[in-house]
Amino acid sequence: MLEVKDLHAYYGKSHILNGVDLSIGEGEVVSLLGRNGVGRSTTVKAIMGEVPPRGSIRFRGEQIAGLPNHRIARKGLGYVPESRDVFPTLTVRENLELGVKNTRRPGKWKVPQFLDMFPNLARRADAPAGVLSGGEKQMLTISRTLMGDPALIMIDEPTEGLAPLIVKQIGELIAEIAAAGVSILLVEQKLSIAMDISHRVLVMGHGRIVFEGTPAALRGDQTVRGEWLEV
Amino acid sequence: MLEVIVFSTLNGLLYGLLLFMLSSGLTLIFSMMGVLNFAHASFYMLGAYFAYALGLHIGFWPALFLAPLLVAVLGAVVERFGLRRVHENGHVAELLFTFGLAYVIDETVHLLWGSIPVSYSAPEALRAPLFSLFGTDYSIYRGVTMMIAILMFVALWFLLKKTRVGLMIRAALTHGAMVGHLGHNVPRLFMGVFAFGCGLAALAGVIGGPLLSTEPGMAQSLGPVVFVVVVVGGMGSLSGAFYASLLIGLVQTFFVALDVSIGDLLNGLGFAVDPYGEVTGITLASIAPMTPFILLVLILIFRPRGLMGELEP
Ligand SMILES: Nc1ncnc2c1ncn2[C@@H]1O[C@H](COP(=O)(O)OP(=O)(O)OP(=O)(O)O)[C@@H](O)[C@H]1O
Ligand SMILES: [Mg+2]
């Protein structure tokens, strides 16, 4: 479904991505792990064109490298940035509604579904989203992207800095997304909630993929974990 | 006295609403695109001149509607083929671009219509009094322009608060890239907002031209005041721009209308000074054009974020 080949990206002169290769199949859940600053966010940003990409990015067979982000989104690629950008002056409900790309062709996800799933969002449905807590913002941004009915959703560090209870809720949401047949690229730092539902795990180091395998294989691989994940 | 108060209030409100028509577009464009459009007042002037020129052929009313549309289209073209390209080279380039554009428009107006005012005025019938108070007439035209300004304001509010496009605009004010990630065409939205802002400015010119004066200096004389409104209201705040527009409109109009000197004021406060002295003899009316800038300086010193501005940039 998504096929990235020899992806390079730069911030000014610094070479951040150094030939990233990765692929995600239909309905597959893949985690992208790695230490701080190895370029995981830059990878998803380059895929969305937020950082100018060099290399090949194919989505459902089409070359999307360098397209404007709205065109990429409309091909069915959803992206939830790590900055959890809720629209603070819009209400929670309006945030969700803006996730719909075309009001004449609404997708399979509906507003009430998310409000049922997250009572905290329901309670604040008509309040400005700026008042939400970090965890609530995260639930909102993921839900909002789902409203656009993506075939693949890329979620950047959804659990970072959140309390265990919230992390569990987000894990449940991600499981639900997977159960709905949506492919997922989950960016995380450590072995985490991701491990239980991921089909495949990628570990990144210094701007390229240094390990690819099943969660079980990664658990068993002391060397990779020692060198690229644990501090 | 009562007469002065009533009419100054009405005129001040009208002037304030005209200012808001200009400043609302400017502030929307600024907060969405980060572009301080120095050419904004030039689009206002174009509105007046287009309405004048069109009016000669198709009559006052059709021109009143067509001129802002034409200017909006022009604005869209400027954004699409000018600003959007310049944008890649950063904000300074954009600023210089709009700065240059303002001169190009101003000089073009000079070339096409000469350097003296053109006789753009409301039809005879509209200049009749709408009502008379204390022996002074309030023309139908002023009433009509007030109506148009208020309708425009309601329409703008409705657009921003009640429509999906308005939702996107308000979302893009804070997180433009995210709106794009959700699959909405943000560059097109920018173009629309720029065009709409230019159209609003032109509408202010169309209805303000006959009230003020349609001459090649009108952009240069109003432009700075509009910038003051945006800063005083708080960069990027629509409601701030609204209050600042009305405030400046009213203050300026009252200063013009009040036949008092600084000395008179001081005398009234209990200081005994010569009401005809060199400084004390200066009338409030002659200070009027300066008042927006005094306000600007004061705001920047005492409340740098403006009346309604956010704390963070
Ligand atoms: N806007 C930027 N300008 C310059 N350098 C940047 C910028 N953003 C990130 N970098 C650098 O690029 C490298 C990769 O950043 P990236 O955000 O992809 O890391 P990451 O793997 O997502 O880690 P984390 O999210 O934990 O910081 C880092 O060394 C970072 O310092
Ligand atoms: Mg990151």
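Buried area is the accessible area, found with a 1.4 Å probe, that two parts lose on being put together, summed over both. The legends below describe a predicted model.

**Figure 1. The interface of chain B and chain A.** About 1,800 Å² is buried between chain B and chain A, and 62% of this area is on carbon and sulfur atoms. On the chain B side, 18 residues are in contact with 23 residues of chain A. Polar contacts across the interface join 9 residue pairs, both residues being at pLDDT 80 or more. The most comes from α6(B), with 12 residues.

**Figure 2. A salt bridge between the two chains.** Side chains of opposite charge can pair when their charged atoms come close. How many salt bridges does the rule find across the interface of chain B and chain A? The number is 1. The partners are E94(A) and R170(B), and their closest N and O atoms are 3.7 Å apart.

**Figure 3. The magnesium ion (ligand 2).** Two residues of chain A coordinate this ion: S41(A) through OG and E82(A) through OE, at 1.9 to 2.6 Å. S41(A) belongs to helix α1 (residues 40-48), while E82(A) belongs to the loop between β6 (77-80) and α3 (92-98), so the pair ties together parts of chain A that are 41 residues apart in sequence. Are these two residues buried or partly exposed? S41(A) has a relative accessibility of 12%, under the 20% limit, and therefore counts as buried. E82(A), at 31%, counts as partly exposed.

**Figure 4. E28(A) and R200(A), a buried pair.** The closest N and O atoms of this salt bridge, between E28(A) and R200(A), are 2.7 Å apart. E28(A) sits in the loop between β2 (14-24) and β3 (29-34) of chain A, and R200(A) in strand β9 (residues 200-205) of chain A, so the pair ties together parts that are 172 residues apart in sequence. Both residues are buried. A network of salt bridges links E28(A), R200(A) and E212(A).

**Figure 5. The surroundings of G213(A).** This glycine is found in strand β10 (residues 208-213) of chain A. G213(A) has a relative accessible area of 15%, which means that G213(A) is buried. Apart from neighbours within four places in sequence, the residues in contact with G213(A) are R200(A) and V201(A). V201(A) is 12 residues from G213(A) along the chain, and their C-alpha atoms are separated by 5.5 Å.

**Figure 6. Two further salt bridges in chain A.** Over all chains, a search of the whole structure finds 12 salt bridges. In one of them, the side chains of K75(A) and E62(A) meet, with 2.9 Å from N to O. K75(A) lies in the loop between α2 (69-74) and β6, and E62(A) in strand β5 (residues 62-63), so this pair ties together parts of chain A that are 13 residues apart in sequence. E62(A) is partly exposed, with a relative accessible area of 40%. R219(A) and D196(A) form another salt bridge, with their closest N and O atoms 3.8 Å apart. This pair links distant parts of the chain, 23 residues apart: R219(A) is in helix α9 (residues 215-220) and D196(A) in helix α8 (residues 193-197). R219(A) is partly exposed, at 44% relative accessible area, whereas D196(A) is exposed, at 63%.

Definitions and conventions:
Residues are numbered from 1 along each chain as its sequence is written. Chains are lettered from A and ligands numbered from 1 in the order in which they are written. This is a predicted model: local features need pLDDT of at least 70, side-chain atom pairs count only at pLDDT 80 or more; totals for chains, interfaces and linings use all residues. Side-chain values use heavy atoms; hydrogens and water are left out. Contact means heavy atoms within 4.5 Å. A salt bridge is a side-chain nitrogen of Lys or Arg within 4 Å of a carboxyl oxygen of Asp or Glu. A polar contact is a pair of N or O atoms within 3.5 Å; within protein, one must be able to donate a hydrogen and the other to accept it, and residues adjacent in sequence count only if both atoms are side-chain atoms. Helices (H or I, at least four residues) and strands (E, at least two) are DSSP runs, numbered from the N terminus. Donors are N, O and S atoms within 2.8 Å of the metal (3.2 Å for Na, K and Ca); water is not among the atoms, so sites may look incomplete. Buried means under 20% relative accessible area, exposed over 50%, partly exposed in between (1.4 Å probe, protein chains only).
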